[in-house]
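I opened my notebook to look a few things up. The notes below follow the order in which I looked.

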Amino acid sequence: MTATTEARSPIPAPRSPRNRRTTRTNYELYGWVFMRASGVLLLVLIFGHLFMNLIDGDGISAIDFGFVAGKWASPLWQVWDLLMLWLAMIHGTNGVRTIINDYAERTGTRVVLKSALYLAFTVTVVLGTLVIFTFDPCPPGSPADLLPSFCTA
Amino acid sequence: MTTVLETTGHATPEPAAEVGAIPSFDVTLRIRRFLPDTPEAEAYWEEFTVTAHGTDRVLDAMHKVKWEVDGSLTFRRSCAHGICGSDAMRINGRNRLACKTLLKDLDIKKPITIEPIKGLPVIKDLVVDMEPFFASYREIMPFLITNGNEPTRERRQSAEQRERYDDTTKCILCAACTSSCPVFWTDGQYFGPAAIVNAHRFIFDSRDEGAAQRLEILNDREGVWRCRTVFNCTEACPRGIEVTKAIQEVKRAMITRAF
């Protein structure tokens, strides 16, 4: 049946309108504003991050566990990286959500793709946040050759 | 009279063409056909070569095909003067009105491709089902909404107030904008540029009091926020409406309302 319909229409008909319910929320509006605001903020955050890590001081050769631990000892860089993580993840996830809405034609596909997207978002954000606040450059019981020089024992 | 004298006065090197004669040339139309009644109905391309004049439009060449070559060629046209909005089609990959596209403006050395507008179900040849398009149009309530008693005289408006929404009054509902929108192609639930343009026409009308309701409808998930400012609609509009700008103005109205 489906095959017959497809053969009969040379240019595929668009998704037939499912019941377009008025949601009466400003969800899409806030999403639109957030994308612009976070985009501007991310420009500053990311280029600041890149400059601090790759250019300032010894540049890229200075990066090791110790460098990261040193940065995260300061609340400024904790907040900076946390903001960067959250904004980038929400910004990116919302963008991909929009693309899925555009291109996934079947409701089932849409649900599956979006579930996978939100799962990936949650895992990344939770893991990232955890690392920022609990980072330990000298985990006990690790092989000595993998640890930075300042770790004792 | 003067012109004729001047022309004869100068020595013309080219072989004397008849004064006032319109040049004619052969033009090939490559038309996307779809005949639903044939056993295995499938769309295919068919080429027609007709002789056309320099003043002819694509519609004239199509008339020539329909009237003299193949009467089964099906397309919509009513006024044939760019006002009824019946003959929007995809000409050389761009949405145009066949009655407003002059053959001399196209590259006639190659066949001119003519397809039905995209994103709407094709019924036959170049005729598409416009119902989804008009359903969106109806949803934004394209009529004057007012409160209170009817005034005893006309509802007055200054020239400046009229100017505010002048651009969007030009819409002829030909669907060239909506069917050029990539978001509409993949998502038939998107209201589409034409519906938003016609909402804009009332939202910014000083006499109308239904702006809040219309903004509410277009604030929906399939409303203005699906617009990606691709500008295809502005490019396609045969009336020169700045469609994308109108959509952005509706977005701005929503943002100022929300904050």
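**Entry 1: cysteines**

How many disulfides does the structure hold over all chains? I searched this predicted model and found zero. Cys84(B) is in no disulfide, and its nearest cysteine sulfur, that of Cys79(B), is 3.7 Å away. Cys84(B) is partly exposed, at 29% relative accessible area. Cys174(B) is in no disulfide either; the sulfur of Cys177(B) is the nearest, at 6.4 Å. I noted Cys174(B) as buried, with 7% relative accessibility.

**Entry 2: chain A overall**

Next I looked at chain A. I found five helices and zero strands there. Its pattern along the sequence reads α-α-α-α-α. Chain A has 153 residues, and 29% of them count as buried. I looked at contacts in chain A with a separation of 6 or more: 67% come from residues 24 or more positions apart. The chain exposes about 10100 Å², with carbon and sulfur atoms supplying 70% of that area.

**Entry 3: a nonpolar patch on chain A**

Which residues make the nonpolar surface patch? I listed Leu43(A), Val44(A), Ile46(A), Phe47(A), Leu50(A), Phe51(A), Leu54(A), Ile55(A), Ile60(A) and Ile63(A). The patch covers about 940 Å². I picked out Phe47(A), which lies in helix α2, residues 27–55 of chain A. Phe47(A) is exposed, with a relative accessible area of 54%.

**Entry 4: strands in chain B**

I started with strand β5 of chain B, residues 112–115. In a regular strand, side chains alternate between the two faces of the sheet. In β5(B), Ile112(B) and Ile114(B) point one way, and Thr113(B) and Glu115(B) point the other. I noted that all of these are buried.

Then I looked for the partners of β5(B). Strand β1(B), residues 24–33, runs parallel to β5(B), and three bridges join them. Leu29(B) stands opposite Ile112(B). Strand β3(B), residues 88–91, runs antiparallel to β5(B), with two bridges between them. Here Ile91(B) has Ile114(B) as its bridge partner.

I followed β3(B) to β4(B). The two are antiparallel and are joined by four bridges. Met89(B) stands opposite Arg96(B). Two residues lie between the strands of this hairpin, and Asn92(B) takes a positive phi near 50°.

Is Arg90(B) buried or exposed? I found it buried, because its relative accessible area is 15% and the cut-off for buried is under 20%. Arg90(B) sits in strand β3(B). Leaving out residues up to four places away in sequence, Arg90(B) touches several others, among them Asn95(B), Thr113(B), Glu115(B) and Trp185(B).

Ile140(B) lies in the loop between α3 (131–139) and α4 (159–164) of chain B. Ile140(B) counts as buried, at 0% relative accessibility. Beyond residues up to four places away in sequence, Ile140(B) touches Phe191(B), Ala195(B), Asn198(B), Ala199(B), Arg214(B) and Leu218(B).

**Entry 5: salt bridges**

Side chains of opposite charge can pair when their charged atoms come close. How many salt bridges are there over all chains? I found 22 in the whole structure.

I took a few in turn. Arg162(B) and Asp166(B) meet at 2.9 Å, N to O. Arg162(B) is partly exposed at 32% relative accessibility, and Asp166(B) is partly exposed at 26%.

Arg207(B) bridges to Asp205(B), with the closest N and O atoms 3.0 Å apart. Arg207(B) is partly exposed at 25%, whereas Asp205(B) is buried at 2%.

Lys245(B) and Glu242(B) meet in a salt bridge at 3.8 Å, N to O. Lys245(B) is partly exposed, with a relative accessible area of 45%. Glu242(B) is partly exposed too, at 40%.

Note on methods:
Residues are numbered from 1 along each chain as its sequence is written. Chains are lettered from A and ligands numbered from 1 in the order in which they are written. This is a predicted model: local features need pLDDT of at least 70, side-chain atom pairs count only at pLDDT 80 or more; totals for chains, interfaces and linings use all residues. Side-chain values use heavy atoms; hydrogens and water are left out. Buried means under 20% relative accessible area, exposed over 50%, partly exposed in between (1.4 Å probe, protein chains only). Two strands pair if DSSP finds at least two bridges between them. Patches are made of residues with over 30% relative accessible area and no salt bridge: like charges are joined within 9 Å, nonpolar side chains (Val, Leu, Ile, Met, Phe, Trp, Tyr) within 5 Å. Accessible areas come from the Shrake-Rupley method with a 1.4 Å probe; for residues, only the protein chains shown count as cover. A salt bridge is a side-chain nitrogen of Lys or Arg within 4 Å of a carboxyl oxygen of Asp or Glu. A disulfide is a pair of cysteine sulfur atoms within 2.5 Å. Contact means heavy atoms within 4.5 Å.
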